[in-house]
Amino acid sequence: MNESRIASLRQDLGWTQERLAAESGVGIRTVQRLEAGHDASLETLSLVASALRVPVRDLYTAFDGQEFGDRVESMAARTEVQQTARDRVTSAWRWLYIGVGVVVTLFTFTTGQYGLPLLVSYWFAGFIILRALRTLVLEPRLDAKYPLSRSRHQLRSRRAASTATSPLDAAPDQATDAGAQ
């Protein structure tokens with residue numbers, strides 16, 4: 001690999017090295033090494049490229065050989081396959097919860113004795129239990145099985161952070177709000 005473009009891409013977004021580290025999920029020292037042009041794993045490069053919203057190949061001005069370019073393309077394909085598989089598993093759990101909920105709901109309508117308490121317990125307590133199981137059991141296993149994928153929560157957090165305004169952008173709004181009071 002040749003000259004790193006990571007620093008200029010980061011600066012174009014107005015990010016510090018710390019912010020890039022947080023957005024990508026790598027350490028600050030790793031960001032510093034990457035900006036200095038040191039080699040890194042394809043997984044690390046993929047995380048940084050994703051945070052910067054560019055393809056991995058755009059992190060450097062030139063690449064050494066076609067083999068590296070092929071590996072980068074392969075990494076992008078593997079990431080997409082893993083994300084699809086992870087989404088399928090989480091969707092299956094969600095549909096299982098909904099399917100059992102439909103059965104419980106139909107059961108409560110056919111038997112009047114324990115109907116409403118059972119219905120409320122399933123949908124409320126079941127949701128809390130399912131969420132806890134997903135956080136404590138399912139997500140760590142999916143992280144281990146599909147290391148290039150991200151949970152919906154992680155993807156939403158990343159999108160929200162990238163669309164959040166900087167403190168300088170928020171200052172005029174705060175002044176307007178103060179003047180209106």
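**Pocket and helix packing in a predicted model**

Student: How do the residues lining the largest pocket divide into nonpolar, polar and charged?

Tutor: The model is predicted. The largest pocket is lined by 21 residues. They divide into 10 nonpolar, five polar and six charged.

Student: Which residues of the lining lie nearest the centre of the largest pocket?

Tutor: The largest pocket has a volume of about 350 Å³. Among its 21 lining residues, those nearest the centre are Ser 46, Ser 50, Ala 76, Thr 79 and Leu 148.

Student: Which helix gives the most to the lining of the largest pocket?

Tutor: Three helices each supply at least two lining residues: H4 (42–52), H5 (65–110) and H7 (152–163). The one that gives the most, with seven residues, is H5.

Student: Are H2 and H3 roughly parallel or roughly perpendicular to each other?

Tutor: Helix H2 covers residues 17–24 and helix H3 covers residues 28–35, and their axes are 8 Å apart. The angle between them is about 110 degrees. Angles of 65 to 115 degrees count as roughly perpendicular. H2 and H3 are therefore roughly perpendicular.

Student: Is the crossing of H2 and H3 left-handed or right-handed?

Tutor: The two helices touch through Gln 17, Glu 18, Leu 20 and Ala 21 of H2 and Ile 28, Val 31, Gln 32 and Glu 35 of H3. These contact residues divide into four nonpolar, two polar and two charged. As for the way H2 passes H3, the crossing is right-handed.

Student: At what angle do H2 and H4 pack?

Tutor: The axes of H2 and H4 are 8 Å apart. H2 is roughly perpendicular to H4, a term that covers angles of 65 to 115 degrees. The angle here is about 110 degrees.

Student: Which residues of H4 make the contact with H2?

Tutor: On the H2 side, the contact is made by Leu 20, Glu 23 and Ser 24. Counting both helices, the contact residues divide into five nonpolar, one polar and one charged. The H4 side consists of Leu 47, Val 48, Ala 51 and Leu 52.

How values were computed: Residues are numbered from 1 along each chain as its sequence is written. This is a predicted model: local features need pLDDT of at least 70, side-chain atom pairs count only at pLDDT 80 or more; totals for chains, interfaces and linings use all residues. Side-chain values use heavy atoms; hydrogens and water are left out. On a 1 Å grid over the protein atoms alone, a cavity is a set of points where a 1.4 Å probe fits but cannot get out, and a pocket is an open set with protein on both sides within 12 Å along at least five of seven lines; lining residues have an atom within 4 Å of a point. Grid points are joined across faces, edges and corners, and a volume is the space filled by probe spheres set on the points. Helices (H or I, at least four residues) and strands (E, at least two) are DSSP runs, numbered from the N terminus. Ala, Val, Leu, Ile, Met, Phe, Trp, Tyr, Cys and Pro count as nonpolar, Asp, Glu, Lys and Arg as charged, and the others, Gly among them, as polar. Axes are lines fitted to C-alpha atoms, for helices over the stretch in contact, and angles run from 0 to 180 degrees between N-to-C directions. Angles under 35 degrees count as roughly parallel, over 145 as roughly antiparallel, 65 to 115 as roughly perpendicular and the rest as oblique. A crossing is left-handed if the near helix is turned anticlockwise from the far one by less than a right angle, and right-handed if clockwise. Contact means heavy atoms within 4.5 Å.
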